[in-house]
Structure formats: structure tokens, C-alpha cells
Amino acid sequence: MENSAFNISIFTENSIGILNRITIIFTRRHLNIESITASVSEVEGVYRYTIVVNTSLDQVKKVVGQIEKQVEVLKAFYHVDDEVVYQEIALYKVATNKLLNGSSERILRAHNARILTIEEGFTIIEKTGHPEELKRLFNELKGFGILEYVKSGRVAISKPMKTLETYLNELN
Amino acid sequence: MENNKIRGAEAVLQSLIKEDVTTLFGYPGGAIMPIYDALYGFRDSVNHILVRHEQGAIHAAQGYARTSGKVGVCFATSGPGATNLITGLADAMIDSTPVVCITGQVASHLLGTDAFQETDVIGISMPVTKWNIQVTKAEDVAAAIARAFYIARTGRPGPVLVDITKDAQFGLTEFHYPLTQKIRSYSPWPKLCVEAVKSAAELINSAKKPYILVGQGVILSNAEEEFLHFVNHTGIPVASTLLGLGALSADHPLYVGYLGMHGNYAPNVLTNECDVLIAVGMRFDDRVTGNVSKYAKQAKVIHIDIDASEINKIIPADVGIVSDAKAALTELSKWCNKSFHTDWRNEFSRLDKLEHEAVINSAVQPTSLELRMSEVIHLLSEQSKGDLVVVSDVGQHQMITSRYFKYKQPRTNITSGGLGTMGFALPAAIGAKLGNPTKKVVAVIGDGGFQMTLQELGTIMQFNIDVKILILNNNFLGMVRQWQQLFFEERYSFTDIQNPNFLKIAEGYKIENQKIENRAELNAAIETMLAHDGAYLLEAVVEAQENVFPMMETGAAVNEIRLN
């Protein structure tokens, strides 16, 4: 079975160690986590993890089964990229004097990026989008010399989905 | 107000009383001293068994849980005490045994400082526990223990660890025990899908060669009666996994034998000839399936398991029923027709005859000079009429015991299945006896495994535990030796083991003992062992290079199992 990217969404109780319980399920199967994001959800006290992993459909089904089995996991889902709306955010630190060559406006417009701060020595540019979009801006800014680059993990919301509340009501 | 308060340590004991814990196993140490101090005040209501090593404590708790159906409990201190539990936790996890371990931990202000006897037991035990929690405040003790018991015994049972810091044990708290009945994120009683049951019944009713595989799930859900009814009603032959042995009596006319790598011939071969395979409370371990890509491809598969993640994990199910075995079997019987399947059953008899001719007859009544493991177990089974709790260790003798002991009742077969933990049997037998005091308990152990946990003879001595120990001594690490012979060109790399004088060791622990080397002594020796009042050690010196057959080689399909 061929590998592809899967977005795994996990809803958990707020307890110490649950993140570890989830990640060891991947480790045990020699699966590399591409990105992981943890945050609150729309329901108070319920936490949400978005994990991106490259693997087979068969494997992701089993992994999600093992995740759901954890006592403090409320629900887990997996989706392919087409089934979710997702974003990642990147910050680019570039030397300010290098940006003053006239092409920066075109670049910022073309990539729908924005400037967060301009200091004497450096400027920080922010872009939100899909990873390949972030990469395209990276490649374009490379010419100016990128001093630092950082990218977040993915946040994703599936297109067709019952609300979390519905699931919680089913559990109650 | 202060008068109503008790220490966290006492709250531990009060919580155990609320959970009807009467027996527990443990070993004291610095970080669990307040709990042991509280235990001193409860020594008349709780029977604490002092083991000789924490691994012994958890295996004993497992043995106790397996024979009694209750949650096994053990105590250990922080650091090495806690890490010594890990093998037992892993064993209980893979064999779905309900156990609650309570470990002491350094005071909360010392967490993460590399304090004396500090280990991250929560981190270390995470992959091998169903759930674990660290308690740092006295007022959280009762709720944590209540959850622990609830999680350990419900759903697919498993081990749980509660780590309690020393300051939480010393701290004062009011005591209210919140018997846990629900956890929002945890659904231990999946709702039975009647539609799925009906689809399963349709497959069963139209099947010509249906076949049931029974696992420990039937025993864990106390569904033996419902299972028996289902089997009698449908007339379908039944084979058992290692841990399923005893779920259906070996005497039952529809019982066709033991599955897997060293299982019986017919049950393995005919797995690849049945048309509907009904797996109840089992998980298609690789020792059962052999080569998965050649496993029961011709059959429609019905898989009943309480753990949803087991369905389609190894063998794709045509019908998956996520349910407690009791509920599923009760419903399934209603929709299934009465049937007999005489021709199909005759196929099992035909292959069984082959196995008798090629293997069994000479195994139970050998003509060789030396004693064989198989005849010892056969005689043990005959003499006791199967009315024993048999605790087996891991290796050749375990496979021989599973093949030749005729288990007739549930919870009489205690062995380390999934993990294959050598050293399991002796401590597990201690727990097994305390969990079922009315039955005779025989621990069948190899000479290798015995030496992994023989310190528990001290526990047997101190607490007068009536455990019969049958050492099948071939002076080899036999199973590995067998593989070396068959698959590694007889390069016997470190499998010839030099043994001590087992009788002198038994003597040192004041345990009655005997050693036999001849067939002529066997009958009387087993009789003496079983009749003896109290612990007894019988060493049977057996053929050094006996192999266990049939055998499924690595990569072979179930129907490619070798008879010799």
C-alpha cells in the first residue's frame, strides 16, 4: 500500500502525559511524525492535537484505533489533505538592508505575506498557507539571505464533520 | 476538622478496603514506607504477602487475578522497586490481566532532581499500562485509586499503575471514596450492534464448514455458559488459543484442540479449509496465524472482540462485532439455527488420528529409555482428572503442558501467553493459589525458567503457600535449543545450562522434595506430590533433546504445520 499524508485529529482530556501516550504509539511502529500541534478546542477542557504523518491507509487506521483506545482520548479521526482545510505559519528573518532593493513589495504582494517588524538589522516576514506556499516564499527570499526560518506544525479542520459537541453528547 | 483527616497513606488502605481487596503482594522500601506503616494497622483485614523481588509481586498479582477474576494488587517502592514491575506490567498488558500497582515516589519537590531512588516510573510504564497516574496530594489518592480499579477491570482488562509521592502519603486529607462508574472519554461497554450479529448469524446459518476459535475473552467476560450454549446449539467445532484453554472443557465432543505454532494438527490445518471462521475474544497472535497472507483466505471471518482496535488489526473481518463476549454470544445464539455438521467434524477426527499416530501416542506412552515431558504432563492430567490449576512457565514444557494437559474448567490455565515471560510461573502460582485456595495448584516449570525467579521459594516458605512445583529438567534451554537444532545447524549457542542441585535448594527453603529419573517412579511421584499437604517440589529429569511437534515454522501457513 502506498504512503500518503494523513491529518490525524485527536481530542483528549486535559491530563499530564496524554501527549506522551499518543506519541509512543507512533514511535513503537517506527513512524515519523511530520508535525504536531496541540491546542485548546471549542469545548472547554477538551484539547485538540493535529498530527501529520506519512504512512499507508492501513497503518493510519490501526494507529488511530490505538489512539482512540487510550483512556483519556475522547475521539480521533484521520483525513487526507483533500478532506481538510489546513494552514501552517512561517516566519522569515531577513537582513533589512537586503530588502531595500525594490523587489520586496512585489514579493510580499505576490505571496500575500506581511511584515511583522522592521528593525535596523533585520525584518521579520510572516506567511500563512500550505507548506508548498511557504516553501515558495522561502525560495524567493533565499536570494536576500535568510537569517532565520521557522515554521509551525499544521492546524486542520475537516470539511465534513459532526461537531465535537455531538460526539461528546454521544459519549455522555 | 483535623480529627476527620487521615494521612494519604491510610487513604490508600481505606480505598483498597472499599474495593474489597483482601490479598496483595509487595515489597517495602523508602518511598513507600508511609503506606507500609498504614498497612501495619490493617494487617488483620488485608493479607499482604511479602515477596522476594518486585517482579514476583506483580506476577503473583497476575496469577491471583487470573484464578479469582478479581483485580490483582501489588505494592512497590520507587526507583528499582518500580522498574522491577515493568516486565509484569508488559505481561499483564499483552495478556489483558487486571492489575493495580501502587508505587511509592520521592516527595513531589524532588521530582526531576535525580533524587535517591527516583525514576520516571510514569514515563517508563506508559507503553505497558492501560492507564497510569502520579498523585502528589493526599486529597487525590482516593479518586486516583477508584479510577485505577475501574479502568483495570472494565472493558479489555489491563494493568494500571498509581505512583504516589511520599508527601502525598504523609499529607492529611478527608476520606471520601468515589466509586468510579463512568469516565467520559472511556467506553468499556460498547453497544452491541444487532445488525452485525444478524449478518454473522446469516453467515453461520449458511456455512457448511464453520469453525470457532475461542480466546481468553470468553473467560474474561465470564461467558463460558453462553459460549457452551452457542457451541451446543450450532454444533460447530471449537479450537482454543493458548489463553483460551479451559473456556470449553477439553472433554467436550466439539472441542478439537489447541491452536498455533505447537498446537494440534487438525485445528491448524483445517483453519485453511473452513468456510466461516468465528473468532471469539482472541486477537490472531502471530503464533496462532503463522503466515498471515496465507491465513484462512477462503473463509468469511466473523471477529468478536471488546477491543475495537483488534478488529481488522491482523485478519480482515467480514463481520466485526465490537462487544463483550457474553453479550455478543447471547444475541448470536438467538439468530443461529440448530446444526450438527457431522461430515465437517469427521474431518477433524481424521486428522486427529494422524496426529495420534505420528506424535501423540509415542509422546504419552513412549518406549524410549528416558522420561519425556509429554508423558509426565499426560500422567499429571490423568491422575488429577484435570482438576488442578496449572501454572506453566515459558518454553518447551509450556507447549507440552498446553498440548497434553486436559483443561476442563476456566481459570485453571495460568501462563504467560503474549509476552512469553520466563520466570512467570513460580510467583504466578503463589497468586493463583491465593486466588483460588480450594484447588490444588501445580506450577510446571523448566530448569531455565525456575532459576529466573526461584527466590520466591522464600515467599512460599514464609506464608505456607501450598504450591506444587514440577520442574521438567532437560538440562537445556530447550525451546531455543530446538530452534538451534532445526534452523541454526545445531549450533547450540549457550543453551546448555548447568543446573544447581534443585533438591538442596528446596531443602534450604524447607520444601518437601523428590527427584525422579525413571518411568517406573513417575506414577508414585506425581501421586505423592499431589497428596502432599503443603508445598512440594518434584524434579523430573527428562530427555535432554526432546523436540516439540507438531511445529509451524516461521513463514509457514497454518496448513503447512509439520508433524515431525
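Let's start with one salt bridge. Asp307(B) pairs with Lys69(A), and their closest N and O atoms are 2.8 Å apart. Keep in mind that this is a predicted model. Why does this pair join two chains? Look at where each partner sits. Asp307(B) lies in the loop between strand E13 (300-305) and strand E14 (319-322) of chain B, while Lys69(A) belongs to helix H2 (residues 57-69) of chain A, so the bridge runs from one chain to the other.

How many salt bridges does the structure hold over all chains? The total is 32. Between chain B and chain A, the count is two. The Lys69(A) and Asp307(B) side chains give us one salt bridge.

Now the wider interface. Here 18 residues of chain B are in contact with 18 residues of chain A. Together the two chains bury about 1,600 Å². Carbon and sulfur atoms give 50% of that area. Which residues of chain B lose the most area to chain A? They are Met126(B), Arg184(B) and Ser185(B). Together they account for 46% of what the chain B side buries.

Next, polar contacts. Nine residue pairs make them across the interface of chain B and chain A, counting pairs with both residues at pLDDT 80 or more.

H7 of chain B brings us to helix packing. In general, two packed helices are described by the angle between their axes and the distance between the axes. Take H1 (residues 8-18) and H7 (residues 141-153), both in chain B. Their angle is about 35°, and their axes are 9 Å apart. Is the crossing of H1(B) and H7(B) left-handed or right-handed? It is right-handed.

Who touches whom? From H1(B) come Gly8(B), Ala11(B), Val12(B), Ser15(B) and Leu16(B). They meet Val141(B), Ala142(B), Ile145(B) and Phe149(B) of H7(B). By type, the residues of this contact are seven nonpolar, two polar and no charged.

Two backbone details to finish, both in chain B. First, a cis peptide bond joins Phe549(B) and Pro550(B), with omega about 0°. Find Pro550(B) in the segment after strand E20 (536-541). Second, go to Arg411(B). Its phi is near 65°, a positive value in a residue other than glycine. Where does Arg411(B) lie? In the loop between helix H17 (396-404) and strand E16 (413-415) of chain B.

Notes. Residues numbered from 1 in each chain as written. Chains lettered and ligands numbered in written order. Predicted model: local features only at pLDDT ≥ 70, side-chain atom pairs only at ≥ 80, totals over all residues. Heavy atoms only, no water. Axes fitted to C-alpha atoms, helices over the stretch in contact; angles between N-to-C directions. Helix = DSSP H or I, 4+ residues; strand = E, 2+ residues; numbered from the N terminus. Left-handed = near helix turned anticlockwise from the far one by under 90°. Contact = heavy atoms within 4.5 Å. Nonpolar A, V, L, I, M, F, W, Y, C, P; charged D, E, K, R; others polar. Buried area = accessible area lost by both parts, 1.4 Å probe. Salt bridge = Lys/Arg side-chain N within 4 Å of Asp/Glu carboxyl O. Polar contact = N/O pair within 3.5 Å; in protein donor to acceptor, adjacent residues only side chain to side chain.
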